[in-house]
Amino acid sequence: MAKKSKKTARREYTKEDVKELRAHSKARTPVTKIAKLTKRSVGSLRQKALKLGIGLGHQR
C-alpha cells in the first residue's frame, strides 16, 4: 500500500496578507493564532516574516 502524502497547494502572499502579518507582528499576536486566522502553517508565516524582516511571536 502506497503512503499518501498530504500535499498542500502553495498560496502566494498578497499585499493584504503582508499588511495583516505586519499588524499581527506589531500586536505581538502568537504565531499559532495567526496560523489559524490566516489558514497558513506556522513555518510559512515565520519564513515570510523573516523575508520581510519583521519579528513574529513572543520571542524576538
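This is a predicted model: local features need pLDDT of at least 70, side-chain atom pairs count only at pLDDT 80 or more; totals for chains, interfaces and linings use all residues.
1. Residues are numbered from 1 along each chain as its sequence is written, and side-chain values use heavy atoms, with hydrogens and water left out.

2. Ala49 also belongs to the largest nonpolar core, which has 10 residues: Tyr13, Val18, Leu21, Val31, Ile34, Ala35, Leu45, Ala49, Ile54 and Leu56. Such a core is a set of buried Ala, Val, Leu, Ile, Met, Phe, Trp, Tyr and Cys residues joined through side-chain atoms within 4.5 Å; buried means under 20% relative accessible area, exposed over 50%, partly exposed in between (1.4 Å probe, protein chains only). Helix 1, helix 2 (31-38) and helix 3 each give two or more residues to this core, and helix 2 has the largest share, with 3 residues. Helices here are DSSP runs (H or I, at least four residues), numbered from the N terminus.

3. Now the helix pair: in helix 1, Val18, Leu21 and Arg22 meet Leu45, Lys48, Ala49 and Leu52 of helix 3.

4. Do have a look at histidine 24, which lies in helix 1. Histidine 24 is buried, at 14% relative accessible area. Not counting residues up to four places away in sequence, histidine 24 touches Thr29, Ile34 and Leu37.

Notes:
Contact means heavy atoms within 4.5 Å.
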